[in-house]
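Here's a quick tour of a model, taking in a pocket, a helix and some charged pairs. Have a look at the fold before reading on.

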Amino acid sequence: MLSRFVMQHALTKQSPMIVLARGAALLPTSDKHPERDLVNFPRPKRLIDPEPVRHTCIPERWFEFFYPRLGVTGPYTFTFGLITYLLSKEIWVVEHDFGYVMASVIIVGLGHKLFGKQLANYLDKEIAAEEEQDDAARNDKLASLKGAIENELWNQERSKAQAVLYEAKRENIQMQLEAVFRERALFAYQQVKNRLEYQAALESIQRRISQKHMVSWVVSHVLKSITPDQDKQSIKKCISDLKALAARA
């Protein structure tokens, strides 16, 4: 089932952590399979520290298995009795190479007795160094993920500010449109005003020309209606009026 999700990761280029999380969600669990007895058959877990042993390599739980049935001496009685049975029935045949087996066991035991602690300490240090490297890589990954989360949150806050920026740009565009509208309205007002002033000046000029023409026409007709005798009489009248004014002065 997980292989299918790994293939999906290879085809879709998704994050492997996301793919494995989806695959783990489909693995059988106690909720999906309640018929499994997790009490008597729990899921196996990897031990962090080795289980306690007796006599260098025999697990302590083997001895505890015999205690309620055969007592404290039960494990030893069972072991030596089984060996005696195997040897007496020739199920375990002792050949001439059996001495090499015993020598190998003795050598391994002496090596464990003399160098086992030093080897264990060395291996523990190596394991601790590897754990530190793994923890450092894990912490670096966590730090990078936290940085990515903070960056994402900051980008989300920036995206919220985009609405304010867009509103400011929208208001700026509205102000520009208003300025252009008022400029064009002022231009239209000036054009209409110029047209009206032109019409008013045109009517005024026409009126003055008409008045001048009317005055000239009246004067010309009045002058035409005056005879030479009337002209002489008027001149004499003017002269006499001037003399009278001069005598008064």
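## The pocket

In what follows, Ala, Val, Leu, Ile, Met, Phe, Trp, Tyr, Cys and Pro count as nonpolar, Asp, Glu, Lys and Arg as charged, and the others, Gly among them, as polar. On that basis, the lining of the largest pocket has 8 nonpolar, 2 polar and no charged residues. A pocket here is an open set of points on a 1 Å grid over the protein atoms alone, where a 1.4 Å probe fits, with protein on both sides within 12 Å along at least five of seven lines; lining residues have an atom within 4 Å of a point.

This is a predicted model: local features need pLDDT of at least 70, side-chain atom pairs count only at pLDDT 80 or more, and totals for chains, interfaces and linings use all residues. Residues are numbered from 1 along each chain as its sequence is written, and side-chain values use heavy atoms, with hydrogens and water left out.

Who's in the lining? Among them are H55, W62, F66, Y76 and F80.

## The kinked helix

Helix 5 has a kink of about 60 degrees, centred on F115 (the bend is the angle between axes fitted to the seven residues ending there and the seven starting there).

## A charged pair

R54 and E60 form a salt bridge, with their closest N and O atoms 2.6 Å apart (the rule: a side-chain nitrogen of Lys or Arg within 4 Å of a carboxyl oxygen of Asp or Glu). R54 is partly exposed at 23% relative accessibility, while E60 is buried at 16% (buried is under 20% relative accessible area, exposed over 50%, partly exposed in between, with a 1.4 Å probe and protein chains only).

How values were computed:
Helix = DSSP H or I, 4+ residues; strand = E, 2+ residues; numbered from the N terminus.
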